[in-house]
Each structure stands twice: as C-alpha cells, then as structure tokens.
Amino acid sequence: MATASFNKDFVVTDKKSVQQLKNDFNNPHVVTVKVRDYKKDKVKGISLLKQRLSTLETC
C-alpha cells in the first residue's frame, strides 16, 4: 500500500493547539447510533429495486 511509506508522526508546537487537544481528549464527543431494522431495510430495498426495474421495462 502506498501510504505505508509515509511518516505518520507529527509535532504540535502551538500552545493554543496543544491546549485544545488536551481539552478534546478530556471531553470526548458522545456519538449515538440508532439500532437499524435490517428486515425493514431489506423490504424497502427490494421495493425500490422493483420500482426501478418496472420503469426500465416500460422504456
């Protein structure tokens, strides 16, 4: 992979940026993920596919 040759080290020297990084590490953002209904998604996907295919048949 081409990215393996890149150096992934970085240095932050700006005091404001260092303080902001410390603050972000101490106060992480909370992310919520809704639970998906895979059966409902499957039914909707099949319905959309049928709709798409039916419009192709009429052309």
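Colleague: Hi! How many salt bridges does the count come to here?

Modeller: The count comes to 1 salt bridge. Bear in mind that this is a predicted model.

Colleague: Which side chains meet in that salt bridge?

Modeller: Those of Asp41 and Arg36, with 2.7 Å from N to O. Side chains of opposite charge can pair when their charged atoms come close.

Colleague: And Arg36, is that one buried or exposed?

Modeller: Arg36 counts as exposed, because its relative accessibility is 51% and the cut-off for exposed is over 50%. Asp41 has a relative accessible area of 32%, so Asp41 is partly exposed.

Colleague: Changing topic: how many helices and strands does the chain have?

Modeller: There are 2 helices and 0 strands. Helix 1 covers residues 15–26, and Leu21 is found there.

Colleague: What else is Leu21 part of?

Modeller: A nonpolar patch on the surface, which Leu21 forms with Phe10, Val12 and Phe25. Together these residues have about 440 Å² of accessible area. Leu21 itself counts as partly exposed, because its relative accessibility is 34%.

Colleague: What share of the chain's residues count as buried?

Modeller: Of the 59 residues, 0% count as buried.

Technical notes: Residues are numbered from 1 along each chain as its sequence is written. This is a predicted model: local features need pLDDT of at least 70, side-chain atom pairs count only at pLDDT 80 or more; totals for chains, interfaces and linings use all residues. Side-chain values use heavy atoms; hydrogens and water are left out. Helices (H or I, at least four residues) and strands (E, at least two) are DSSP runs, numbered from the N terminus. Buried means under 20% relative accessible area, exposed over 50%, partly exposed in between (1.4 Å probe, protein chains only). Patches are made of residues with over 30% relative accessible area and no salt bridge: like charges are joined within 9 Å, nonpolar side chains (Val, Leu, Ile, Met, Phe, Trp, Tyr) within 5 Å. Accessible areas come from the Shrake-Rupley method with a 1.4 Å probe; for residues, only the protein chains shown count as cover. A salt bridge is a side-chain nitrogen of Lys or Arg within 4 Å of a carboxyl oxygen of Asp or Glu.
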